[in-house]
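Colleague: I have a few things to ask about this model. Can we start with the pockets?

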Amino acid sequence: GPTYQSLLEDRQRFGGQFNETEITQLLYQLLPVLSYVHSLGLVHRDISPDNLILRQTDGLPVLIDFGSVKELAAAVRSQLSIEGLEPAATRIGKVGYVPKEQLSTGEANASSDLYGLAATLLVLAAGKDSQVLHDPYHGTWSGYEVLSPQLSGILEKMLAARPEDRFQTAEEVLAALEQNEPPNKRSQGVVSHDDLHGAQEETAIADSFPIAPANDDNHSTAVVAAGLAAETDPGDLHNPDTAADEPAVHKIGEEPEAQHIISQPNTTAVTVGVIALIGLFSILLAITLLRRENAPEQPVDTSGEVQPAQDGEYSPEETARKQEITTRREALGIAEGYFTRLIDQLFYQEYPDLLNSGPAGERQSLSDAVVDEPLRLRWDNIALDLLDKLENNFSKRSLAALGGYSEGNGDRLQTLVSSVNVGERSLYDLVDAKFFSLFPAQSGRDFQGQPIAQLYSALADDTARGIESGALRENVQFAPGRFSQDLEDSLEPGEGQVYTLQLSAGQQLRLNLTAPADSTLLSIYPPKPTDDSTSPPADSQRTTWSGAATQTGYYQMVVVNRLAEPITYQLVVSVDNVTSQPVEPDEPIVEPAPEEETDPNQPDPAETVAPALPGTDGN
């Protein structure tokens, strides 16, 4: 999967970064991993966005490139090269992501990893490099302002300059997180401090992304965090430890703790007052109902604290991201229904475990619940990446036709290219090269009938028009008296070029292709291609070929770039001017007649030039 450094760079291009929900989710997913690793006496030593990847199979964050392993290898190398000497401590870790004591002495412990994790998360949240956020002289960090005071306080303690001022274990961080989370947080698929110990004992490996039912406190929720599986007891959702945080409720039939003594009012006054209050209440109720008809219902917060996002609400970052997708899609003229089906196909191909993780074993759908926000982010990123490819490689005319291409499209394109003496095989050599360069994950898949097959048809449409217009085709002709030509061109990744040349049966064709090693595929097609094994090569890595033309008509030579970078190549095309063998004359040789005076207006027979052969100038 991609590293979180690359994910951050993708967002920075659009002025975005990771939001607080994502940062909190990463904490809940990675702290159990560190707790387990530390329980084995290991320290990662090198936590940074480059060493954290988003695993494609299940959408979980995974730590890679353990510094402890590198330290062991370095120590072994040191002992082998300098026998008898104590190896020096190995300084492992990226500057800006490891604490000062680790860089100076090489010593690292659990709090060092917690420091690296907090630095990584702060960089992701602020969208700025650690060198910008960290002041090494004073040992302080900036960027906390993008997060809530509660989460900022936790990260600030994890990033304390002095080791003794930090959290010492992952369990301590989880406990601090739980103190700041609302009671319903655990119903959103996160792991609690108590769950962590059970996860360590079982050390079960999760096979799918954590999916939790939204707003269902009575359902036992399967909790998975960073590969350690745990089961949440429904009873824990209302345990005594959290009861103190819940507002007191006066139940019907119970006496309140204190009673206020009031005097008995006059009966008439009470009656008039009640009538007046009823009238006033009716007016206020009518006004309220009218207002609610024109305004969406908002959650009422009586606690005075900032409430987390609720199901059905998108963060400002997600709202802006989705608006960008809509704006760019509409500018390309792509229908919304087709685009959604296409991204769904690409999304579930990248995360196949979600195909059977639904409640009844069906495909897991993405809801607007808070717990699905990480998955919605990946869906949006796939959409943005696809929009980049569509904008740079397709015409607006073909994009507007997406969803409407049919099987008859191939016959129409074949007729179009045949009008310029190009066959179907040459057309689809170019289409295949471009399509699988843009979508390598589709190689080897049967995608006919799926939404992405429409993109293949759109590329075929653009390619056929490029061949017909001459943008992707060149007709080879020789200068008078010459039977060889040097052709030079450049190709972007996945691009190709078709050359046509008219030959007569029996003529000798020679080709020599000069290009970077293993960069091209060469195909040679006669006017009417056959499946004969002795035919010229197709989709071959060969760079030279010679042989006799077996048919009369236009031969096609196709060159495609199979690398992920641009190339420049040179193709030398040669044709021998030999069409027949000399024969013995049937009549005996007769001595020439005496020389006669010639008409100056008639051409000299000795200077008469034979008609040009097919493939030469003008033919």
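Modeller: First the term: on a 1 Å grid over the protein atoms alone, a pocket is an open set of points where a 1.4 Å probe fits, with protein on both sides within 12 Å along at least five of seven lines, and lining residues have an atom within 4 Å of a point. This is a predicted model, where local features need pLDDT of at least 70, side-chain atom pairs count only at pLDDT 80 or more, and totals for chains, interfaces and linings use all residues. Residues are numbered from 1 along each chain as its sequence is written, and side-chain values use heavy atoms, without hydrogens and water.

Colleague: What volume does the second largest pocket have?

Modeller: About 840 Å³, as the space filled by probe spheres set on the points, which are joined across faces, edges and corners. It has 33 lining residues, and Arg378, Asn381, Ile382, Leu384 and Asp385 are the closest to its centre.

Colleague: Which helix gives the largest share of that lining?

Modeller: α14, with eight residues. Helices here are DSSP runs of H or I, at least four residues, numbered from the N terminus.

Colleague: Switching to salt bridges, what does Asp380 pair with?

Modeller: Lys322, at 3.2 Å between the closest N and O atoms; the rule is a side-chain nitrogen of Lys or Arg within 4 Å of a carboxyl oxygen of Asp or Glu. Asp380 is in helix α14 and Lys322 in helix α12, so the pair ties together parts 58 residues apart in sequence.

Colleague: Is Asp380 buried or exposed?

Modeller: Buried, at 0% relative accessible area; the cut-offs are under 20% for buried, over 50% for exposed and partly exposed in between, with a 1.4 Å probe and protein chains only. Lys322 is partly exposed at 22%.

Notes
Helices (H or I, at least four residues) and strands (E, at least two) are DSSP runs, numbered from the N terminus.
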